[in-house]
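Okay everyone, thanks for coming.

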Amino acid sequence: MGTHTYVGRSTPRIDGADKVTGAARFVDDLAFGPDLLHAEVVASPHAHARILAIDAHRAEQVPGVVRVLTGKDLPFSFGLYMKDRHVFARDRVRFVGEQVAAVIARTPKAATRAARLVDVTYEELPAVLDAATALADDAERIHPDLAEYPHVPWFYPHPDTNIAHWRKLRKGDVEAAFADADVVLEDTYTVPRYAHAAIEPHAVVAQLSHAGRLTVWTASQSPYTQRHLFAEALGLSHQDIRVITPYVGGGFGGKAGVTMEIIGAALATTVRGHPVKLHWSREQEFANTYQRQGVTAHLKVGARHDGTITALRHTLHWDAGAYVEYGANVVNAAGISATGPYRIDNVHLDSLCVYTNLPPGGPYRGFGYSEFTFGLESHLDRLADELGLDPVELRRRNAIVEGDDLPYGAPMNPSGLREAIDRAAAAIDWGVVEPDPAPHVKVGKGFAAFWKAPAMPPNAGSAAFLKFNEDGSVNISVSGMELGQGYLTAMAQIAAEVLAVPPARIRVETPDTDRNGYEWQTVASHVTWSSGNAVLAAATEAREQILDAVHRAHGHEMASLYLEDEEVRSTDDPGLALPLREIVVDGVQDPRDGTFKGGPVVGSGRFMPEFATTRSDPETGQGGKPNVHYTVGAAGLVLEVDVETGKLNVRKVALAVDAGQAINPVAVEGQILGGVLQGLATVLYEDLRFDDAGRLLNPTFTDYKIPTALDIPDEVVPIIVEVAQPDGPFGARGVGEHTMIPLAPLVANAIEDAVGVRLTAMPITAERLFLTLDGQPD
Amino acid sequence: MRHDITLKVNGEVWPLDVEPTDVLLEVLRTRVGVTSPKPGCERGDCGSCTVLLDGRTVRSCLVLAVEVDGHEVVTVEGLSLDGLTALQEWLVERSAFQCGYCAPGVILSAAELLADTPHPSRHDVQEAIAGNLCRCTGYVPIIDAVLAAVQASADPIAREG
């Protein structure tokens with residue numbers, strides 16, 4: 001692996017200067033002309049209600065108001081995996097904050113003022129605010145039309161219930177295995193809802209030209225998927241829609257798929273010629289995009305005295321919210337992987353996507369794995385205790401290895417799980433008891449392993465174009481999004497390695513669906529792998545064009561030609577050193593007759609996993625190959641508990657993740673440092689709270705506290721493991737989401753080690769811990 | 001009723017007429033065309049709209065435009081009119097930011113610190129940027145880069161030619 005020039009070397013981000021100078025433009029920064037209009041939505045105050053009437057008369061009188069639109073005017077439905085969501089609520093609203101109408105006005109102030117004057121008459125319906133209530137036989141049906149919603153073939157809705165999708169996985173015989181087990185352990189764990197809290201709120205500007213061309217500027221992870229869903233919902237041709245995504249101010253899944261952007265796109269169709277801007281406030285950002293779904297997990301594990309886990313029953317009831325067009329696939333992903341990275345012969349998984357009258361659930365960094373990993377990795381520590389085994393040793397013994405059967409039957413990819421376990425354990429001096437610093441301050445250590453696969457359609461593809469410029473510099477166009485993870489730089493490094501051009505001489509910019517090739521979405525931690533393969537192919541094609549031109553002009557054997565230091569060289573001819581800048585546009589001059597060979601060098605590349613399939617037995621989940629590969633890792637944590645206050649101080653986190661090949665190690669470390677803090681936040685500080693009418697109680701950063709620079713662990717140790725992914729570019733696989741997955745059980749396990757109490761509900765705030773220590777658990 | 005004000009932004013004088021309710025953040029973004037101060041929460045929680053007002057950091061979402069008549073605003077564009085400062089160079093060198101949305105505000109908070117405290121401790125840096133929320137980085141690379149700039153440069157916020 002040490003043989004690369006650019007891949008595997010920490011490289012400053014190619015978008016660094018844009019970001020430290022204010023040059024980076026986000027959607028709300030783009031300038032439009034005086035015909036720019038502003039939209040504001042009218043939001044439902046009820047969690048569940050019939051819409052009886054909408055009267056826009058008062059709103060229309062506000063000076064500056066152009067139009068007021070409702071679901072009658074724009075009766076469009078949409079959805080990524082299941083079409084259950086509406087541009088505007090029509091017959092009923094299903095969560096507090098849902099858009100029922102919108103005002104378009106000449107100024108933001110007029111739009112906001114008028115939106116408050118739209119009179120909507122509702123008839124309230126019973127609100128279903130948690131999954132357990134929603135699953136009762138007599139529960140109010142939130143989607144009476146569930147049977148009619150189009151959906152992907154791997155979903156199994158249960159019409160006339162609130163179950164939008166039920167993923168089952170059955171392997172071996174769990175009941176027999178529980179009967180034979182030496183130890184059986186059972187408990188329930190709960191995880192609340194969370195907000196992505198990207199610092200940039202969602203924003204969209206859309207314009208339908210008088211010629212019928214729709215251009216949409218969005219803060220999005222998914223330009224192509226947005227274009228597709230706009231085309232489907234609005235009945236336009238793909239060629240007539242152009243989605244431009246400038247820099248995006250954080251995504252974490254919250255800007256995947258389509259949420260509020262379709263409102264802007266639909267509104268623009270009613271005011272031809274005018275660009276229309278819709279910009280979410282922070283409160284709307286919390287209440288009406290996606291939220292991470294809450295889950296209640298029932299776990300039953302059986303094991304032999306030697307530590308072999310023989311059986312797992314894992315039942316996940318997801319509070320998926322009012323619309324599950326994206327969130328149902330989170331449920332699906334967890335439902336085929338909720339064993340964690342372990343070889344278990346007998347498995348029984350049920351993952352139920354349950355409609356509730358809370359905001360729509362959806363993708364959030366970790367995509368279901370963070371949620372189930374809290375219960376699973378907490379439970380494994382308790383199993384180790386029952387067995388009298390070291391928790392790290394229990395994980396080592398059961399760690400899945402290459403070729404083992406995955407829960408759905410296909411073989412596991414190569415992985416450095418055992419190396420990750422060993423290195424993370426060593427980094428926190430696992431097994432060494434640290435002295436308590438004070439009588440009321442107890443030190444504990446926790447450990448957890450994790451895995452995650454990209455969750456996506458089996459045929460999610462990537463395309464890339466590459467061209468050389470007159471001075472030998474390079475432009476690459478791709479449609480993955482730079483969310484901050486360092487994607488643009490990684491793509492530059494991959495091309496740099498093939499073309500022997502430094503990454504700093506390669507420009508990669510954010511997408512425009514008119515000009516850049518296809519990319520399904522920047523989600524699932526898969527673009528380094530997938531788009532990286534497309535860029536690798538494009539660069540390889542460009543390289544072949546260059547070498548072929550030299551071969552034809554100079555006569556050197558193709559096999560002797562290679563690129564180095566921005567020159568073409570030959571192993572047969574030490575005298576050959578053709579600078580790329582002289583030949584990549586103008587061609588290579590044939591010294592014999594003065595003609596030129598070659599021409600402007602342009603490469604294209606594409607990638608699609610051709611082995612994946614979601615076809616499987618609906619009753620057992622066996623038979624398909626829904627996941628392309630798993631990325632694995634392990635982490636250890638050391639903390640102090642102040643038993644007088646419940647306050648925690650995280651001394652150290654060591655997290656090891658198997659990147660296959662880190663294209664840019666500093667970016668992988670960045671994912672670890674950022675993911676660790678985001679994961680800690682879910683266990684130490686954050687959760688979304690609702691009142692008994694389904695209203696969100698903490699839709700601000702005043703009340704939904706995300707960590708500041710003073711809330712970081714004393715030390716974070718990033719550990720990069722590299723066991724190559726055979727079909728990855730230079731062996732790479734993704735790591736972006738994985739780094740936040742193990743944090744919640746790490747903290748729970750360390751608390752148990754420090755003070756001997758087991759908390760089974762997140763978040764573990766100082767208050768909750770203190771009350772538990774004080775003998776009054778909630 | 002509109003008010004005539006004069007505002008200096010990054011060294012340029014801007015005569016403007018504003019409504020009493022106009023917020024400095026919006027005036028900078030839509031009237032002056034300086035877009036590095038970002039809307040993030042519009043209630044003073046997140047710090048992404050931070051600017052220097054007469055050399056001190058303020059949340060421009062909490063300042064009315066009429067309040068700053070005759071005053072001077074510096075944004076991150078104004079820090080690097082003639083090239084990057086050493087502070088910015090080190091933030092690039094260390095790949096300190098990810099999405100970059102918080103970056104203009106963080107940089108101005110760090111610049112204010114370094115103007116007051118040329119040799120800050122690690123805790124000083126954490127304290128100085130604690131009002132600027134970042135969801136991507138875990139803050140560590142930013143803190144490290146600020147400290148590296150202090151180590152490497154006599155005046156990390158001076159404009160480099």
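So, by class, the second largest pocket is lined by 19 nonpolar, 7 polar and 10 charged residues. Here Ala, Val, Leu, Ile, Met, Phe, Trp, Tyr, Cys and Pro count as nonpolar, Asp, Glu, Lys and Arg as charged, and the others, Gly among them, as polar.

Quick housekeeping: this is a predicted model, where local features need pLDDT of at least 70 and side-chain atom pairs pLDDT 80 or more, while totals for chains, interfaces and linings use all residues. Residues are numbered from 1 along each chain as its sequence is written, chains are lettered from A and ligands numbered from 1 in the order written, and side-chain values use heavy atoms, without hydrogens and water.

Back to our pocket. A pocket, on a 1 Å grid over the protein atoms alone, is an open set of points where a 1.4 Å probe fits, with protein on both sides within 12 Å along at least five of seven lines, and lining residues have an atom within 4 Å of a point. Of its 36 lining residues, Asn475(A), Arg507(A), Val508(A), Glu509(A) and Thr510(A) lie nearest the centre.

Where does the pocket sit? Domain 1 (16-23 + 460-607) and domain 2 (32-125 + 202-279) of chain A both contribute to the lining, so the pocket lies between them. Those bounds come from an automatic or database domain assignment.

Now the helices, which are DSSP runs of H or I, at least four residues, numbered from the N terminus. α10 (369-387) and α11 (391-398) of chain A have axes that come within 9 Å and cross at roughly 105°. Axes are lines fitted to C-alpha atoms over the stretch in contact, with angles from 0 to 180 degrees between N-to-C directions. That makes α10(A) roughly perpendicular to α11(A), a label for 65 to 115 degrees. Touching here (heavy atoms within 4.5 Å) are residues including Leu380(A) of α10(A) and Leu394(A) of α11(A).

Technical notes
Helix = DSSP H or I, 4+ residues; strand = E, 2+ residues; numbered from the N terminus. Parallel < 35°, antiparallel > 145°, perpendicular 65-115°, else oblique.
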